Amino acid sequence: MPSARELIKSFIESEGHKVDAAPPDDAGVSELLFRTRGQVFSVTTTEDDEAAFSISTAYEIPEWAREPGQNTEALERVHGRHPHVIFTLAHDGSLFVATLDEHAHSSQELINNFWSLVGRLRDAGSQAFEDIADRTESKVAAEKFINSFMMGGGQ
Amino acid sequence: MNDPLRPIEQALSDEGLYFTRDDDEDAYRVAFKSEGDRYFVVSYRDDPTFVMIGSGWALPGGVDPLDAVDVANRLNVRKKFVKTALWEEESDVLFTVELCVGTTNEVRPHFGRLLNVLRDTAAEFFDQLRPDDPPP
């Protein structure tokens, strides 16, 4: 019987996407990489638990927005809106990874909902990226300070 | 003669997608799937500056063709690039992006965007055909 890894790989390929498959590591964890809508996604499977999967995708944070404290708060806010998605800052805050952990009854169940899960992850990741790139609150605070300073109210 | 759809093949490779060719004496054709949905690209031998990227879908049973035409018209007014049309005795809907290009190299950097617009237009078309359905 084919493994979960092989089933998912075949499914993604049958849907039109090239898949880069790394062999399982010593712990039996393996990764499948594919692209869709310009974004690379990774599906991780575990040989010990054929029903456990995670889907991840990474977003590079623009250099001008790399403020780890502020970005951690932004990711926590978005996690509140998408509790199934876990966000992790990585590479010294230069990127963040969005991960959806899924415990399906079978790989077939995962396959049946695959694009919907990818879509959920993409929506959450895009919102997180937008929140990080949106410096509206900081700008408003800065403008208030500048206005106050220009009017002689600065300390 | 140069293959006018070669840059489209490269754009599909950029997107990480498989494709097949189905050329004949009239046209160059590329077929591919993305997230399981089927798409095609066509360029005609007698008009190589014309390129069309599209997808076709069957209308769900029970849809009033006049409702479908109404939704298509509204999308045609609002959407950039994409033409939505009912055809085959109004049982199918076709979404196409039609472009006039010097070479399809000009399309390559924009291919992802055009594919997204096609995908979003089809999704909006079917969403608007069933406005009363509960959200999934």
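Colleague: In S3(A), which residue is the bridge partner of Phe34(A)?
Modeller: Phe41(A) is its bridge partner there. S2(A) and S3(A) run antiparallel and are joined by eight bridges. Helices (H or I, at least four residues) and strands (E, at least two) are DSSP runs, numbered from the N terminus. The model is predicted: local features need pLDDT of at least 70 and side-chain atom pairs count only at pLDDT 80 or more, while totals for chains, interfaces and linings use all residues. Residues are numbered from 1 along each chain as its sequence is written, and chains are lettered from A and ligands numbered from 1 in the order in which they are written.

Colleague: What is the strand order in the sheet of chain A?
Modeller: The order is S1-S2-S3-S4-S6-S5 in an open sheet of six strands, with antiparallel pairing. S1 and S5 of chain A are the edge strands, each pairing on one side only. Two strands pair if DSSP finds at least two bridges between them.

Colleague: Where in H1(A) are the buried residues?
Modeller: Ala4(A), Arg5(A), Ile8(A), Lys9(A), Phe11(A) and Ile12(A) are buried in H1(A). They line one face of the helix, because seen down the axis of H1(A) they fall within an arc of 165°. The arc is that of the directions from the helix axis to the C-beta atoms. Buried is 20 or more other C-beta atoms within 10 Å of the residue's own, exposed is 12 or fewer, and partly exposed is in between, with C-beta atoms placed from the backbone.

Colleague: What covers that side of H1(A)?
Modeller: The cover on the buried residues of H1(A) includes strand S1 (20-21), S2, S3, helix H3 (107-112) and H4 of chain A. Just after H1(A), Gly16(A) has a positive phi of about 110°.

Colleague: Different topic. Which residues touch the most other members of the largest nonpolar core?
Modeller: Ile8(A), Ile55(A), Phe87(A), Ala98(A), Leu121(A) and Ala128(A), in a core of 26 residues. H4(A) gives the most to this core, with six residues. A nonpolar core is a set of buried Ala, Val, Leu, Ile, Met, Phe, Trp, Tyr and Cys residues joined through C-beta atoms within 7 Å.

Colleague: What does Ile55(A) touch, leaving out residues up to four places away in sequence?
Modeller: Phe41(A), Val43(A), Leu100(A), Leu117(A), Val118(A) and Leu121(A). There is also a second, separate core of 25 residues, which includes Leu5(B), Tyr28(B), Ile53(B) and Val97(B). Contact has its own cut-off: C-beta atoms, placed from the backbone, within 7 Å.

Colleague: Is Ala58(A) buried, exposed or partly exposed, and why?
Modeller: Ala58(A) is partly exposed because 17 other C-beta atoms lie within 10 Å. Ala58(A) belongs to strand S4 (residues 52-60) of chain A. Apart from neighbours within four places in sequence, Ala58(A) is in contact with Leu95(A) and Val97(A).

Colleague: How many residues does each chain put into the contact?
Modeller: Chain B puts in eleven residues and chain A ten. On the side of chain B that touches chain A, strand S2 (27-34) and helix H3 (111-129) of chain B each give two or more residues. S2(B) gives the most to that side, with three residues.

Key:
Contact = placed C-beta atoms within 7 Å.
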